[in-house]
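Hi,

Here is the structure I promised to pass on.

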2 protein chains.
Amino acid sequence: METFGDIIKNERENKGLLLRQVASALEIDQAIVSKFERGERKPTKEQVEKFAEFYDLDKNKLITSWLSDQIANTILYEENIGEVLKVAEEKAIYLKTIHDGR
Amino acid sequence: METFGDIIKNERENKGLLLRQVASALEIDQAIVSKFERGERKPTKEQVEKFAEFYDLDKNKLITSWLSDQIANTILYEENIGEVLKVAEEKAIYLKTIHDGR
DNA sequence: TTTGTTTTGACAAAAATAGTCAAATTAATT
DNA sequence: AATTAATTTGACTATTTTTGTCAAAACAAA
């Protein structure tokens, strides 16, 4: 179960980089990068994309990880997690067909 | 595909109530109730619970509808909707086991 | 102990969300 | 068609949430 934070932390360590270096390359405060790695704060989508580029990761996979973190957090303390997600998927697909004008 | 707004609008109309009446009973501005019904604004969880009580609806079902609306909206324009939700479910379940101290 | 790195927390800035209200629009009634 | 009633819209303010900044504390390594 690898969260967004886990991923970017592993990448950084594998590449032997310091927080300071990543922070300066991405123009994000080092304290915030640290918080991202530990899941204490949620990056914006733009920041996720920056990380993907910087670490040369598949952008979609990283966004999936980040989005799923967010969703997991919003439903964490709810009943019927499975049901909520099933309905959410139906709605999303339905709304998408409408949006695409079908 | 019934959204939260659809549900509370149908309930109100079935019971032959005016926005004004619902608004006053729930102590929510009538303009906002109108916006809830049309999905223009998202209620808080407390407001969802008020609606459930007022219309005598199953609270969990209404919360499911409201939560799934939210989730559907956050993933609407993403790729891999199914994948995101699958991962989100795994994470949620995993986090829950941790939270419950297992 | 000194130096380097990461984490923490207080604070300010910015953005997103929520509530209020009156006017505009739409629908129903006479 | 005119009047009355109901709903919707939009501008505005208030509140809450999120984000960024910075320095000091904690931790780790040399």
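Let's start with a question: is the crossing of H4(A) and H5(A) left-handed or right-handed? The crossing of H4(A) and H5(A) is right-handed; a crossing counts as right-handed if the near helix is turned clockwise from the far one by less than a right angle, and as left-handed if anticlockwise. The contact here is made by Lys45(A), Val48(A), Glu49(A), Phe51(A), Ala52(A) and Glu53(A) on the H4(A) side, and by Lys59(A), Leu62(A), Ile63(A) and Trp66(A) on the H5(A) side (contact means heavy atoms within 4.5 Å). Sorted by class, that makes six nonpolar, no polar and four charged residues. For the classes, Ala, Val, Leu, Ile, Met, Phe, Trp, Tyr, Cys and Pro are nonpolar, Asp, Glu, Lys and Arg are charged, and the others, Gly among them, are polar.

Before going on, two notes on the model. It is a predicted one, where local features need pLDDT of at least 70 and side-chain atom pairs count only at pLDDT 80 or more, while totals for chains, interfaces and linings use all residues. Residues are numbered from 1 along each chain as its sequence is written, chains are lettered from A and ligands numbered from 1 in the order in which they are written, and side-chain values use heavy atoms, with hydrogens and water left out.

Back to that pair: H4 covers residues 45–55 of chain A and H5 covers residues 59–75, and their axes come within 9 Å and cross at roughly 135°. Helices are DSSP runs (H or I, at least four residues), numbered from the N terminus, and axes are lines fitted to C-alpha atoms over the stretch in contact, with angles from 0 to 180 degrees between N-to-C directions. H4(A) and H5(A) are therefore oblique to each other (under 35 degrees is roughly parallel, over 145 roughly antiparallel, 65 to 115 roughly perpendicular, and the rest oblique).

H4(A) also packs with H2(A), residues 19–26, at an angle of about 115° with the axes 10 Å apart, so H2(A) and H4(A) are roughly perpendicular. Their crossing is right-handed. Val22(A), Ala25(A) and Leu26(A) of H2(A) meet Lys50(A), Phe51(A), Phe54(A) and Tyr55(A) of H4(A).

Now for the two chains together. Chain A can be laid on chain B with an RMSD of 0.0 Å by a turn of 180° and a shift of 0.0 Å along the axis (superposed by least squares on the C-alpha atoms of residues with pLDDT of at least 70 in both). That is the relation of a two-fold axis. The contact takes 35 residues from chain A and 35 residues from chain B. 100% of the interface residues of chain A are also interface residues in chain B, so the copies meet through the same surface.

Enjoy exploring!

Note on methods. Helix = DSSP H or I, 4+ residues; strand = E, 2+ residues; numbered from the N terminus.
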